[in-house]
Amino acid sequence: MSFISYLVNGISLGSVYAIIALGYTMVYGIAKMLNFAHGDVIMIGAYVVLTAMASAGVSPVVAVLLAVVFCTVLGMLIERVAYKPLRNAASPLAVLITAIGVSYLLQNVALLVFGANTKSFTSVVPIPPLVLAGGNLTISGETIMTIGACIVIMVGLTLFIQKSKAGQAMRAVSEDKGAAQLMGINVNGTIALTFAIGSALAAIAGVLLCSAYPTLTPYTGAMPGIKAFVAAVFGGIGSIPGAMIGGILLGVIEIFGKAYISSQMADAIVFGVLIVVLLVKPAGILGKNIQEKV
Amino acid sequence: MKKMNKITKSNLITYVMVIVIYIAAQAMVMTGNMSSLMQGLLVPLCAYVILAVSLNLTVGILGELSLGHAGFMCVGAFISAFFSKCMMDVIPMAGLRYFLALVIGAAAAGVCGILIGIPVLRLKGDYLAIVTLAFGEIIKNIMNILFIGKDANGFHFSTKDVMSLGMEPEGKVIINGPQGITGTPKDSTFTIGVILILLTLFIVLNLIHSRSGRAIMSIRDNRIAAESIGINVTKYKLMAFSISAALAGVAGVIYAHNLATLTAQPKNFGYNMSIMILVFVVLGGIGNIRGSIIAAIVLTLLPELLRGLSDYRMLIYAVVLIAMMLFNWSPKAIEWREKYAEKFKFRKKAKAEEV
């Protein structure tokens, strides 16, 4: 039974990684940049929920909505102030280094505002735990909620990208920015929209992550953020189903590594997976191998 | 011929600058004008300067971002501290022991650089950044679970705890997991640090202005064009990357031999350390070796002088990093600056590349 319980936990953690990885992969596919600050937007979202519930006393649903709105605005603001001016910079490193700077800035602002102490996060999930197999297997409400949210987001996002006008514009921009502009697509607007969606997903991921692992510090987002990027690379960066598969596989690998190999080495195992993937199949599971042209 | 002279002159200025700073610092120590706090910072400062120069080789000259420099430093620090502690009785001469520790630390970090570089340097920027970051975390993780002890039967390894080493009672624990290595000889001095800085500069500056260095820079500027004229991209990338890693290992050796207890904490060998080095490089000017030295010195000493700002130190680093990048690399800012100033030669070159 412990195997199944680990598996369920792994899928649950993997679902959180998948939601974060969706944000990475969308931004990477369209703006061709690695948004290092994505993980820290998760942390900010969790702090917003915590503050809204503890200080303002609003209901969990309102708090989550508030966090989504706040992170959406934050994501668009970051894009506008820090990334947009560098979009045509001579070196591709410029925007990457700026993103690291933004990540660092968010962590340190949170450190000054909320302090370095670990805050305990009260779960916002109202679902009772599910007891199966005569009490041998308990699936927590958070797990059900996380997996459910992940499926809903995945389906919704795929429909949005495939069917809606804005989604079509996104695909066009990711394919060829110049040609998209000539077709009358508002490229800047589309990129801003991508950041907005990615950051909204980050807020949801933050709430789910902190509901399942109820501690919150200014550094909470950094590690899941990096692991979600690993997941996005694993699944094939730029691909939405890839982010999903990569995230869930990585979550399962991490929990199994913790359970069966060594709890301290779990992070090392996850990163080892990244190195192996890049060695064997650099484009990821579902990624396309794009040849560079002159 | 005139151009050669210019390069030699520029290199000379850099060497002389380091020596002048060294003499000034020594004079302050002699005359008692330096607080003990500042004196304690001198040796780590040497390590930071070497790290900044070596990272600049990767970021500025090779044009790839490494976020795992603290990891390479960690490798150099632990391997050399392990060596020094084992050899404390065998080689009583501190100088020889330190020299061997340096060679071993640098070689170990360099080998790690090659091992990481081979799979990853075939890929582009973002991947290298994330893999080097991953490497740094893996190294830190391993150092925290590694236990090594030594007794009459030889070395004992474990990844659990001291008990499971299964040593004879008189055996000594050398690496004690999260407690790290205790009792490394304190062989690093400011003078040795400065000599190593000069050596690092000699290696890096000569590399940049050599045939290999020009090949590396051509890869940075246009990989496909470089490949098409027969430059072996992987070889030169690997060369720059492993030299950079080996120099980070040297910095680790200096760092380790200045501490009574060497542990792999997030604050000394983690992500934050790598970011701090990156801030030195960005503030000093990407690709500008002399700038890195100045930035490392200023940013290490300034927060200690302005004690009251210590809470805001990291915040200021972050803002400086973003502002410098926007100012230096945004096409609009470049245009604006070109209108008002003619002296920013390096940036103009960047502008020309774009066209």
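Two strands count as paired where DSSP finds at least two bridges between them, and the strands and helices themselves are DSSP runs numbered from the N terminus (E, at least two residues, for strands; H or I, at least four, for helices). The model is predicted, and for this reason local features need pLDDT of at least 70 and side-chain atom pairs count only at pLDDT 80 or more, whereas totals for chains, interfaces and linings use all residues. Residues are numbered from 1 along each chain as its sequence is written, while chains are lettered from A and ligands numbered from 1 in the order in which they are written.

**The open sheet of chain B has three strands in the order β2-β1-β3, with antiparallel pairing.** Strands β2 (154-158) and β3 (172-176) of chain B form the edges, each of them pairing on one side only, and neighbouring strands are turned by 20° against each other on average when direction is ignored. Strand β1(B), residues 147-151, is joined to β2(B) by 5 bridges in an antiparallel arrangement; within this pairing B:K150 has B:F155 as its bridge partner, and B:G149 stands opposite B:H156. Towards β3(B), β1(B) makes 4 bridges, again running antiparallel, and here B:F147 is partnered by B:N176. In general, the strands of a sheet pair through backbone hydrogen bonds, which may be parallel or antiparallel.

**Helices α2 (residues 36-62) and α9 (residues 233-256) of chain B pack with their axes 8 Å apart.** The angle between them is about 170°, where axes are lines fitted to C-alpha atoms over the stretch in contact and angles run from 0 to 180 degrees between N-to-C directions. The two helices α2(B) and α9(B) are therefore roughly antiparallel to each other, a label given to angles over 145 degrees. Sorted by residue class, the contact of α2(B) with α9(B) has 20 nonpolar, 3 polar and 1 charged residues (nonpolar: Ala, Val, Leu, Ile, Met, Phe, Trp, Tyr, Cys and Pro; charged: Asp, Glu, Lys and Arg; polar: the others, Gly among them).

**Helix α3 of chain B, residues 69-86, is mostly covered.** Of its 18 residues, 17 are buried, that is, with 20 or more other C-beta atoms within 10 Å of their own (12 or fewer: exposed; in between: partly exposed; C-beta atoms placed from the backbone). From its first C-alpha to its last, α3(B) reaches 26 Å, close to the 26 Å expected at 1.5 Å a residue, a span taken as 1.5 Å times one less than the number of residues. For chain B as a whole, with 15 helices and 5 strands, 45% of the 355 residues count as buried.

Because 25 C-beta neighbours lie inside 10 Å, B:A129 counts as buried. B:P178, by comparison, is 49 residues away from B:A129 in sequence and 27 Å away in space, C-alpha to C-alpha.

**The contact between chains takes 38 residues from chain A and 42 residues from chain B.** On the side of chain A that touches chain B, helices α4 (93-114), α9 (222-235) and α11 (266-280) of chain A each supply at least two residues. Helix α4(A) gives the most to this side, with 13 residues. By class, this side of chain A has 28 nonpolar, 8 polar and 2 charged residues.

Not counting residues up to four places away in sequence, A:L22 touches A:I153, A:L157, A:L201, A:I240 and A:A243. The separation of A:L22 from A:I237 is 215 residues in sequence and 9.4 Å in space, C-alpha to C-alpha. A:K32 has a phi near 55°, a positive value in a residue other than glycine.

Key. Two residues are in contact if their C-beta atoms, placed from the backbone, lie within 7 Å. Angles under 35 degrees count as roughly parallel, over 145 as roughly antiparallel, 65 to 115 as roughly perpendicular and the rest as oblique.
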